[in-house]
Amino acid sequence: MDRLTGRVAVVTGGAGGLGRAMGETFARRGMRVVLADVQADPLDATVAELRADGLAVDGVVTDVTSYESVEALRDRTLELHGAVHLVCNNAGIGAGAEGRLWEHDLMDWKWALGVNLMGVVHGINAFVPAMLEGGDEGHVVNTSSGNGGISPLPGSPQYAVTKAAVVTLTECLHGQLQEAGASIGASVLFPGPHMLRTGLFESWRSRPDRFAKDAPDRPPTPRSTISKPRWQQPGSPSSTPRSRRWPSRWSTPSAPARSGSIRRTNAPTQQLRARTESILARTNPAYLRALPG
Ligand SMILES: NC(=O)c1ccc[n+]([C@@H]2O[C@H](COP(=O)([O-])OP(=O)(O)OC[C@H]3O[C@@H](n4cnc5c(N)ncnc54)[C@H](O)[C@@H]3O)[C@@H](O)[C@H]2O)c1
């Protein structure tokens, strides 16, 4: 999709982080942008800031784990703009690193699969038929991660499994759109080249009650992102997030968004090669890395 001016983009997970950066980039290139997020207050604040900058941005509170909610997002987008050309299924949550895989809370799995995988499925089912019906060229961008999309960090299995699934899902979507002769493309976004300084590492903020843990008292490890950290538990001395010390190599979310990453990936080539070679050689996965940072 070459022409962006005047066209309509929808970005889920648009209240902050990478989604906001993509939405802002699209709007600066002349697109009309609809940002969707489950967190209403941050979404309102983001939309207000971008509008104050003269950008054509609207916000729609959406829970991508609910198909009805994503259908309502599509309907509102069509009501506002009459068309949709670019859909970024970007909403995502960080999975925890809470001990061993075989001890993980099943609700963590359900939440991770609900947002990171079914959220993308819902976006495809709700928007692709409307895009095909619109008859214009268009594009679907699904956010994956090097973690799972290329090879997994074994300490975050839920996240890695969902991000691997997003790659396969998008490959199938691409193949089927091609087969159908549609003028709609499909891409996987691998944000990077480094980890990004976003809200992903405090995903507990967007965890709905219906995905609450079965065993909320299980002590989170320091790297947990799926639970409230201990200092945020009821009775803790402070409910204000401490300022985070980001590893210096981590990028800001605007970096990949501005680099035109709709068309490019920053997949870690070394990791990809090591995994492929291991599969071809039928060896154990010696390429697995620990969780960085
Ligand atoms: N930060 C990184 O280093 C990194 C690396 C690779 C991939 N990613 C992926 O990038 C995408 C964006 O994440 P980010 O890093 O900007 O984190 P972020 O937490 O800043 O943004 C994610 C947004 O998704 C929203 N969200 C969560 N659950 C939702 C739901 N049910 N419905 C609608 N919105 C929901 C959150 O409220 C949040 O605003 C995610 O898919 C993430 O997995 C991030």
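My entries below go from the ground rules to the histidine and then to the ligand.

**Ground rules.** I am reading a predicted model, where local features need pLDDT of at least 70, side-chain atom pairs count only at pLDDT 80 or more, and totals for chains, interfaces and linings use all residues. Residues are numbered from 1 along each chain as its sequence is written, and side-chain values use heavy atoms, with hydrogens and water left out.

**H104.** I found H104 in the loop between β4 (86-89) and α4 (106-134). Helices (H or I, at least four residues) and strands (E, at least two) are DSSP runs, numbered from the N terminus. Is H104 buried or exposed? H104 is buried, at 9% relative accessible area. Buried means under 20%, exposed over 50%, partly exposed in between (1.4 Å probe, protein chains only).

I then checked its partners. The H104 side chain makes a polar contact of 3.1 Å with the side chain of Q158. Such a contact is a pair of N or O atoms within 3.5 Å; within protein, one must be able to donate a hydrogen and the other to accept it, and residues adjacent in sequence count only if both atoms are side-chain atoms. P157 is 53 residues from H104 along the chain, yet their C-alpha atoms are separated by 9.6 Å.

**Ligand.** I looked for backbone atoms by the ligand. A polar backbone atom of L18 is 2.7 Å from a ligand oxygen. For N90, a polar backbone atom is 2.8 Å from an oxygen of the ligand. A backbone N or O atom of V38 lies 3.4 Å from a ligand nitrogen.
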